[in-house]
Amino acid sequence: MLTEDLRTLIDRLERIDRAVDLACVSLERHYSPQIADALTDTCTEAVSLGHELTMRVFYDEPWSRLDTLHQIWVFVHTMIRRVAGHGVDTMDTMLVSDATRDGLATLCIATAALETAGLQVATTPRDATALRAASQAITDLAAAADHVFMTAVTAMAGPEARGVSRLDAAYAILTATAARAARERASVNAHQ
């Protein structure tokens, strides 16, 4: 269940998507530099909202909402791609949305592997293979978060909209993942 704040942010993204649809239809009829500029700004705003959602989810309850958050970034990416398809320069926001979407996909995979490994440890607590698999899954989860963070810090020079930055969102991911990795590592160590 999404909190009211998260639902409000998602509603804003949906309204932005509808505005993008209308602006794209207008561009199809007649190209206007003003509409193209407005669409570029709108894509930047969508990315900023995505970062705010990411930060709030990762500071609140990330693991039960990770798949939903990933789907939101797929939605943002698709919207930006649609704008780019109308001849509007969206390269900066496309790079940001690609990196965030892909990083969250990697976190989803790492989280699923960790949950599977955790089940193996729970059913066979002293099995060395299960313990190694769990340790590797924890390492992979931490590495995925590190990658998201380092991408936000180094690889993207795109625009920052006002409000939450991609660095804020990436830091929230890194912090929540480090906390989970520590809890999981303690659990694995308790089974050795």
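Me: What should I keep in mind about the model and its numbering?
Reply: This is a predicted model, where local features need pLDDT of at least 70 and side-chain atom pairs count only at pLDDT 80 or more, while totals for chains, interfaces and linings use all residues. Residues are numbered from 1 along each chain as its sequence is written, and side-chain values use heavy atoms, with hydrogens and water left out.

Me: How many helices and strands does the protein have, and what makes a run count as one?
Reply: The protein has six helices and zero strands. Helices are DSSP runs of H or I with at least four residues, strands are runs of E with at least two, and both are numbered from the N terminus. Read from that end, the elements go α-α-α-α-α-α. The C-alpha trace spans about 70 × 35 × 25 Å along its principal axes.

Me: How do you know what span to expect for helix 1?
Reply: The expected span is 1.5 Å times one less than the number of residues. Helix 1 (residues 4-29) has 26 residues, and from first C-alpha to last it reaches 38 Å, close to the expected 38 Å.

Me: Why is Asp-17 called buried?
Reply: Buried means under 20% relative accessible area, exposed means over 50%, and partly exposed is in between (with a 1.4 Å probe and protein chains only). Asp-17 has 13% relative accessibility, so Asp-17 counts as buried. Asp-17 sits in helix 1, and the buried residues of that helix also include Leu-6, Leu-9, Ile-10 and Leu-13. Across the protein, 44% of the 192 residues count as buried.

Me: Is Thr-40 buried, exposed or partly exposed, and why?
Reply: Thr-40 has 28% relative accessibility, so Thr-40 counts as partly exposed. Thr-40 is in helix 2. Leaving aside neighbours within four places in sequence, Thr-40 is in contact with Val-88 and Asp-89. Thr-40 and Ile-80 are 40 residues apart in sequence, with 8.8 Å between their C-alpha atoms.

Me: Why do Thr-100 and Ala-105 get their labels?
Reply: Thr-100 is buried because its relative accessible area is 10%. Ala-105 is at 23%, so Ala-105 is partly exposed. Thr-100 belongs to helix 4, and Ala-105 is found in helix 4 (residues 91-123). Thr-100 touches His-51 and Trp-73, not counting residues up to four places away in sequence.

Me: What makes Phe-58 and Trp-63 an edge-to-face pair?
Reply: A pair of aromatic rings is described by the distance of the centres and the angle of the planes. Rings of Phe, Tyr and Trp (its six-membered ring) pair if their centres lie within 6.5 Å; planes under 30 degrees apart are stacked, over 60 edge-to-face, and the rest tilted. The count by this rule is one aromatic pair. Phe-58 and Trp-63 are 5.8 Å apart centre to centre, with 85° between the planes, so they form an edge-to-face pair. Both Phe-58 and Trp-63 are buried.

Me: How do you know that Arg-180 lies over the face of Trp-63?
Reply: A charge sits over a ring if NZ of Lys or CZ of Arg is within 6 Å of the ring centre and within 35 degrees of the ring normal. Arg-180 lies over the face of Trp-63, at 4.9 Å from the ring centre.

Me: What makes a set of residues a nonpolar core, and how many residues does the largest one have?
Reply: A nonpolar core is a set of buried Ala, Val, Leu, Ile, Met, Phe, Trp, Tyr and Cys residues joined through side-chain atoms within 4.5 Å. The largest has 53 residues, and those with the most contacts inside it include Leu-13 and Phe-58. Helix 5 gives the most to this core, with 10 residues.

Key. Contact means heavy atoms within 4.5 Å.
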